[in-house]
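Student: I have a model open and would like to talk it through with you. Could we begin with the pockets?

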Amino acid sequence: MFDYCLMVERHPDNLAAALFGGFVGTFMKTLSPADTARSEIPLSEVLSEFSGGIDTGELPIHKPPLAIGSYHQFRFNRNIKSIVVIPDFRLDTSEARKRLPLNYSREDTVFNAQRCSLLPVLLGEDPPNAAKISEAMRDRLHQQYRADLIPGFTKVLQHITHNAYPGLLGVCLNGAGPSILAFAISNFETIAKAIIALLFEAQQIHYDWQVLELAPDGATVDYI
């Protein structure tokens, strides 16, 4: 199933989280030119059609390159919640990608690689170490280049810290934005409103916020 999904949507990080649930990491194998050309195939050309609700038994038009994506489920401290602050404006991922440089310095690449290697382990520890998690969530590869797309975000990184807000573990951009993600174990409302206050100073629009828990099960079939 994972291979078939990767034919339609070549982003294993999104797919693995939706299919398998939990806290997952992924990677893609290096593909041959022929297999690379088979990415983003329309869903209608991946799944065989059904006739009158009965499986025709037809095989898919395209078969996937096998085992091109791999995933691993990490342990996750279930006391950690995700605070998501959602600005009321749209930011296209394609626009956010344009802000990224074509090349990175060795120093910045090593900086991120060191922290990414530790963060999954740190998020599984009980009790969580706020100082280590906060440091491991620092970034030099994308947030600084996209910060001006989310007015006030730079101030959020500067002022919303684990030292200033008990229960907070770390703050980052949620994907390419514009939502902002904070990991915390308590004081969720206080942290969310502090983030919103700084964002509102920079841009007077509506901001929503939610506290989310990890979905451990992924996709399930309730009825056939």
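Student: How much space lies in the largest pocket?
Tutor: About 1800 Å³ of space lies in the largest pocket, where a pocket is an open set of points on a 1 Å grid over the protein atoms alone, with protein on both sides within 12 Å along at least five of seven lines and a 1.4 Å probe fitting at the points. The volume is the space filled by probe spheres set on the points. This is a predicted model, in which local features need pLDDT of at least 70 and side-chain atom pairs count only at pLDDT 80 or more, while totals for chains, interfaces and linings use all residues. Residues are numbered from 1 along each chain as its sequence is written, and side-chain values use heavy atoms, with hydrogens and water left out.

Student: And which residues are closest to the centre of that pocket?
Tutor: The lining has 45 residues, and D13, L173, N174, G175 and L181 are the closest to the centre; a lining residue has an atom within 4 Å of a point.

Student: Which element gives the most to the lining?
Tutor: That is α5, with five residues, while the elements that each supply at least two include α2 (12-20), β1, β6 and β7. Helices (H or I, at least four residues) and strands (E, at least two) are DSSP runs, numbered from the N terminus.

Student: Switching to the sheet, what is the strand order?
Tutor: The order is β6-β7-β5-β8 in an open, antiparallel sheet of four strands, where two strands pair if DSSP finds at least two bridges between them. The edge strands, each pairing on one side only, are β6 (168-173) and β8 (207-212).

Student: How many bridges join β5 to β7?
Tutor: Five bridges join β5 (residues 81-87) to β7 (residues 180-184), and V84 has L181 as its bridge partner in β7. β7 also pairs with β6 over five bridges, in the antiparallel sense, and there G170 stands opposite F183.

Student: What about the hairpin of β6 and β7, which residue there takes a positive phi?
Tutor: G175 does, near 65°, in a hairpin with six residues between the strands; G175 is also among the residues closest to the centre of the largest pocket.

Student: Is β7 covered on one face or on both faces?
Tutor: On both, since I180, A182 and A184 are buried on one side and L181 and F183 on the other, with buried meaning under 20% relative accessible area (1.4 Å probe, protein chains only). Five of the five residues of β7 are buried, so the strand is largely enclosed by the rest of the structure.

Student: Now the rings: how many aromatic pairs are there?
Tutor: There are seven aromatic pairs, meaning rings of Phe, Tyr or Trp (its six-membered ring) with centres within 6.5 Å, where planes under 30 degrees apart count as stacked, over 60 as edge-to-face and the rest as tilted. F23 and F76 form an edge-to-face pair, 5.4 Å centre to centre with 70° between the planes. F23 lies in β1 (residues 23-28) and F76 in the loop between β4 (69-74) and β5, so the pair ties together parts 53 residues apart in sequence.

Student: Where does F183 come in?
Tutor: F76 and F183 form an edge-to-face pair too, 6.2 Å centre to centre with 65° between the planes. Because F183 lies in β7 and F76 in the loop between β4 and β5, this pair ties together parts 107 residues apart in sequence. Ring pairs link F23, F74, F76 and F183 into a cluster.

Methods. Buried means under 20% relative accessible area, exposed over 50%, partly exposed in between (1.4 Å probe, protein chains only).
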